[in-house]
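Please read these points with the structure open beside you, and look up each residue as it comes up.

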Amino acid sequence: MRTRTRMSRRLAALAAVAALGTGLLTGCADDGKQASDGPTAGGGGGGGAKTTLTVGVFGAFGLKEAGLYDAYMKLHPDIEIKQTSIERNENYYPQLLTHLGSGSGLADIQAVEVSNIAEITATQSGKLEDLSKAPGVNKGDFLPWKWSEATTKDNRTVGLGTDTGPTGICYRKDLFAKAGLPTDRDAVGKLWAGDWNKYLEAGRQFRAKVPSGPAFVDSASGVLNSITGSSAVRYYDTDGKVVYKSNPAIKEAWTTATAFAADGLTAKLQQFQPTWDQGFANATFATVSCPAWMLGYIQDKAGAPGKDQWDVAAAPKPSNWGGSFLTVPSAGKHKAEAAKLAAWLTAPAQQATLFEKRGSFPSAKAAYALPAVADAKHAYFGGAPIGQIFAKAAEGTPVQILGPKDQIIQQNLTDIGMLQVEQKGKTPQQGWDAAVKAIDNALDQ
Amino acid sequence: MASDTTAAVPSPTPGQESTAPGRADADERRSRRYRRDTRWSPYAFIAPFFVFFAVFGLFPLLYTGWASLHQVELTAPNDMTWVGLRNFSRLLSDDFFWNALRNTFTIGLLSTVPQLLIALGVAHLLNYKLRGSMFFRVAVLTPYATSVAAATLVFVLLFGRDYGMINWALGLVGFGHVDWQNGTWTSQLAVSTIVVWRWTGYNALIYLAAMQAVPADLYESAALDGASRWQQFRHVTIPSLRPTILFTAVVSTIGATQLFGEPLLFNGAAGATGGSDHQFQTLGLYLYEQGWVNLHLGRASAIAWAMFLILLLIGAVNWLVSRKLRKGMTS
């Protein structure tokens with residue numbers, strides 16, 4: 001009898017140790033899976049057998065905020081949608097790659113940023129579902145270049161386009177008036193139409209009239225981004241070779257953007273840093289290149305004092321900055337339902353809603369004619385007809401050649417090269433050399 | 001103990017075992033089980049740690065070593081090409097690596113030395129008889145309990161160029177604005193400040209614990225000999241704390257070598273470059289940039305192993321120093 005109790009106590013202890021060990025182990029390994037079916041298993045006390053779909057996004061993606069998930073769940077009572085978000089794509093993307101590599105920890109739908117889509121399509125297509133034949137997907141709805149960006153050579157389309165980033169120039173009317181520049185958005189657009197150097201010229205006029213105080217533009221990097229966004233060949237050529245060093249379009253963009261820095265026209269800020277936000281709040285610069293998705297950001301940061309001071313005009317040349325795709329990983333548990341949801345989320349009507357609520361401009365050209373886009377006006381930006389301004393920019397944007405390392409090249413050009421010129425007073429050549437050195441090091445495997 | 005019991009119990013012959021179910025037999029089985037228990041149970045109880053260490057410590061270490069000998073990308077981790085020691089040899093001519101190593105060293109120095117000196121002072125003050133001493137002891141530990149992310153974001157605002165509080169204060173006393181993030185020394189100083197702020201209290205509590213173990217009669221006899229507070233601190237406290245000081249120095253050095261979160265978040269938007277001129281990119285940041293921004297797993301693994309070797313080197317130096325110190329103490 002004594003033996004039995006001691007024995008069983010011992011067994012219980014061992015069992016506890018084992019359970020603790022395996023429990024922790026499985027707890028770690030199953031992190032991702034639990035995220036997707038945890039709520040189903042948890043049960044919510046006798047609720048029906050709902051399928052939980054998870055959507056992994058970066059930043060303020062807007063699908064949830066625009067109420068699209070709620071609308072879909074209303075249409076499909078058996079579906080529950082959960083979203084996980086990581087603030088910055090630089091953190092989101094490597095995690096997505098490791099999860100794809102290990103086939104675990106993935107959401108049922110994963111968003112991919114446009115600067116990563118070439119790499120995803122080229123290297124990860126085997127781990128993603130072909131969405132071209134998914135129910136509800138209509139190839140004809142999308143801008144042709146947007147569709148082809150996520151399509152592999154063997155004709156599998158692994159990502160459905162959500163938004164694009166047609167770019168305008170947002171400007172402050174009060175500061176323009178102070179500098180004797182026109183304040184009407186059509187006149188402002190005409191001021192620099194067709195040539196980025198006219199934008200630079202406007203900056204010089206601004207500086208001459210307002211020698212101290214607010215700067216003309218937030219950052220030279222922002223200028224560089226929007227100029228490179230307006231040319232078809234950028235960092236890669238059609239053969240997939242890295243050509244940014246010899247590409248005259250990039251050289252010219254570099255020259256123009258560094259001129260902004262050299263002439264003291266910039267507020268020397270780094271975009272998406274707290275200081276940039278403070279710049280919006282304190283009106284320390286008069287213009288910023290603004291893709292459609294940035295309007296909401298400006299409204300948030302500039303706040304009530306900026307209302308009716310900010311307006312938006314056409315950019316010198318049609319340019320694109322940003323945009324995203326939705327993919328469905330093959331390792332997911334509910335691939336069919338996820339594909340259906342992705343198709344619904346990217347359908348023209350939903351893209352129009354996303355634009356109406358969040359300002360993300362549709363990549364489905366079928367949406368441009370819908371009243372939600374065609375008649376859209378932005379109250380904060382003086383009632384600017386943003387639907388028309390950005391549709392014009394989107395249609396005029398050249399079909400851009402994307403490469404797998406676009407993001408790294410661009411980031412080093414702006415965050416290393418341009419910042420050295422702008423903030424550390426290096427010459428344009430020194431900045432360029434520093435950026436090239438960093439890019440060479442980054443591309444070397 | 002176990003062998004005693006076996007000797008006391010008459011052992012049955014092998015043939016009898018099944019046919020004679022006596023008391024002796026049960027006792028025998030029980031004692032054998034008991035022996036097995038005392039012998040193997042401790043292993044079962046410590047097993048979880050070693051299982052975890054093998055899975056999450058040893059395996060990654062070895063796998064990283066294996067990956068460092070290959071050209072391998074994060075986009076295709078299973079697709080490895082053998083390159084031997086090339087990832088290591090190229091570090092020798094990699095300006096960014098040396099720059100990161102230099103920055104790690106200077107930031108480490110700028111943070112570790114003041115940190116330990118301040119901690120020593122704070123611990124000495126806490127060691128006095130104070131009203132509400134528990135409150136102060138908990139208070140010095142609060143920075144340590146703050147998350148790196150939250151603390152760093154606050155410091156980024158404090159060190160802001162245009163609207164930062166430190167520049168505002170400098171302006172009040174007549175100095176110009178400092179562009180903290182862009183200067184080499186200013187940015188390193190700012191990053192070090194965050195480290196000092198976070199870890200000083202932690203080290204102070206370790207010192208305090210060691211101080212309280214110093215026998216009170218040492219102080220009493222020192223006081224009888226007419227030693228002042230400061231003399232007591234120098235000639236009684238410091239020598240008694242020597243092993244503790246050494247311990248904190250080693251731990252802080254390891255922490256400084258692996259410094260990552262503070263410099264990463266100090267340049268929030270730009271990722272792992274550590275400033276436009278890489279002016280505060282530490283080894284940890286460079287490792288992260290190679291692996292998770294540029295997606296070169298092989299090169300990142302080589303940097304990780306280089307860091308590991310550097311730490312071993314520091315460990316060896318520390319061992320030599322501590323041996324010398326111990327000899328100095330006994331002689």
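1. A disulfide joins Cys170(A) to Cys290(A), with an S to S distance of 2.0 Å, where a disulfide is taken as a pair of cysteine sulfur atoms within 2.5 Å. In general, a disulfide is a covalent bond between the sulfur atoms of two cysteines. A search of the whole structure, over all chains, finds 1 disulfide.

2. This is a predicted model, in which local features need pLDDT of at least 70 and side-chain atom pairs count only at pLDDT 80 or more, while totals for chains, interfaces and linings use all residues. Residues are numbered from 1 along each chain as its sequence is written, chains are lettered from A and ligands numbered from 1 in the order in which they are written, and side-chain values use heavy atoms, with hydrogens and water left out.

3. What does the link between the two cysteines tie together? Cys170(A) lies in strand β4 (residues 160-172) and Cys290(A) in strand β6 (residues 285-291), both of chain A, so the pair ties together parts that are 120 residues apart in sequence; helices (H or I, at least four residues) and strands (E, at least two) are DSSP runs, numbered from the N terminus. The link of Cys170(A) and Cys290(A) is right-handed, with 95° about the S-S bond.

4. Are Cys170(A) and Cys290(A) buried or exposed? Both are buried, where buried means under 20% relative accessible area, exposed over 50%, and partly exposed in between (1.4 Å probe, protein chains only). Ala202(A), in helix α9 (residues 196-209) of chain A, also counts as buried, at 2% relative accessibility.

5. On chain B, a nonpolar surface patch of about 1200 Å² includes Trp40(B), Phe53(B) and Phe308(B); patches are made of residues with over 30% relative accessible area and no salt bridge, with nonpolar side chains (Val, Leu, Ile, Met, Phe, Trp, Tyr) joined within 5 Å and like charges within 9 Å. A salt bridge is a side-chain nitrogen of Lys or Arg within 4 Å of a carboxyl oxygen of Asp or Glu. The largest share of the nonpolar patch, 9 residues, comes from α2(B), whereas Phe308(B) has its place in helix α13 of chain B and is partly exposed, with a relative accessible area of 31%.

6. Arg323(B), Lys324(B), Arg326(B) and Lys327(B) form a positive surface patch, Lys and Arg being counted as positive. Arg323(B) lies in helix α13 (residues 297-330) of chain B, and Arg323(B) is partly exposed, with a relative accessible area of 38%.

Note on methods: Accessible areas come from the Shrake-Rupley method with a 1.4 Å probe; for residues, only the protein chains shown count as cover. The place of a charge is taken as NZ of Lys, CZ of Arg, CG of Asp or CD of Glu.
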